[in-house]
Amino acid sequence: MKILIIEDEELAVRKLSKLLLDLDESIQIVGTCASVRASVAWLNAHSNESAVRPDLILMDIELADGQSFEIFEQTTVSAPVIFTTSYDEYALRAFKVNSIDYLLKPIKRHELEASLDKYKRTHYNQIGAVAGKNEASSGVDIDALVQQLRQHIQPADYRRRFLVKHLQQWVPVEVSDIAYFYSEEGVSLFKTVHNQKFSLDYPLDELEAMLDPAHFFRANRQYIVHINTVQQVHPYFNNKLKLILKPNTDDEVLVSRERATDFKRWMGK
């Protein structure tokens, strides 16, 4: 079985790939895409290549440059899709009713296995576009379901970029390029994934409310970290957790005992 993964979080891609291969060694991950733009380009480039044309697509709803629904508007998606998302089950019941599957994050092994089994029962050897529509041969109209789901899910208005002072000018910095926010002597700062440091006028409490909680976690009073920044997690004294971030930090970044369970759940454990 050939699978395409559309997911903008590197850690989630690694975990999902491992889960898939643990469940079935014959699975081939034929590609990974982190954005709407990259997904459309990949599907257009490989739609006629049988060696890599996916039998199944695992697709996150929220991507780096928008919602994955936009992919269906820009290209033909002929393979069955399993959506992965942090949205609650109530918002997604339309998919269940119409026999398209979805997985809630953090993805659990037994739920992924059940979805793959469902795919094998209903879609295997039955893949292809029907009458030029984004419709799997099982008869499920993906276009209609996407429109139905869009009515239920309204994306939160989280910040996508900050305008910051650099030398004698103002420069925009995309939130997706920020590794972590932190406080130092009462000043709010952040470091980018390229280890650039900038200051902000917002206190961390206000910043926390501006950021997508699927991507950022308030580790403690001093740090808000991006999920892809966390390189290692170590047990620490009194049931705390010690985080190793990239870029490196000058301070120890600890998650309190009270927040440790929430942090592990956020990381996908």
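How many helices and strands are there in the protein chain?

**View 1. The whole chain of the predicted model.** The protein chain holds eight helices and 17 strands, and 44% of its 269 residues count as buried. Among the contacts between residues at least 6 apart in sequence, 54% join residues that are at least 24 apart. The accessible surface of the protein chain comes to about 14,500 Å², and carbon and sulfur atoms account for 46% of this surface.

**View 2. Residues 127-140, where pLDDT stays under 50.** For the protein chain, the mean pLDDT is 83, and 82% of the residues reach 70 or more. Over residues 127-140, by contrast, pLDDT stays under 50, although the model has 37 contacts beyond four places in sequence for this segment. Where pLDDT is low, the predicted coordinates should not be read in detail.

**View 3. The second largest cavity and its lining.** The structure holds two cavities of 30 Å³ or more, and in the second largest cavity there is about 40 Å³ of space. Its lining is made up of Tyr-180, Tyr-182, Glu-184, Lys-191, Tyr-223, Thr-249, Asp-250 and Asp-251, a set that divides into three nonpolar, one polar and four charged residues.

**View 4. Strand β10 beside the second largest cavity.** Strand β10, which spans residues 178-184, gives the most to the lining of the second largest cavity, contributing three residues. Elsewhere in the lining are residues including Lys-191, Tyr-223 and Thr-249.

Technical notes: Residues are numbered from 1 along each chain as its sequence is written. This is a predicted model: local features need pLDDT of at least 70, side-chain atom pairs count only at pLDDT 80 or more; totals for chains, interfaces and linings use all residues. Side-chain values use heavy atoms; hydrogens and water are left out. pLDDT is the predictor's confidence in each residue, from 0 to 100. Contact means heavy atoms within 4.5 Å. On a 1 Å grid over the protein atoms alone, a cavity is a set of points where a 1.4 Å probe fits but cannot get out, and a pocket is an open set with protein on both sides within 12 Å along at least five of seven lines; lining residues have an atom within 4 Å of a point. Grid points are joined across faces, edges and corners, and a volume is the space filled by probe spheres set on the points. Helices (H or I, at least four residues) and strands (E, at least two) are DSSP runs, numbered from the N terminus. Ala, Val, Leu, Ile, Met, Phe, Trp, Tyr, Cys and Pro count as nonpolar, Asp, Glu, Lys and Arg as charged, and the others, Gly among them, as polar. Buried means under 20% relative accessible area, exposed over 50%, partly exposed in between (1.4 Å probe, protein chains only). Accessible areas come from the Shrake-Rupley method with a 1.4 Å probe; for residues, only the protein chains shown count as cover.
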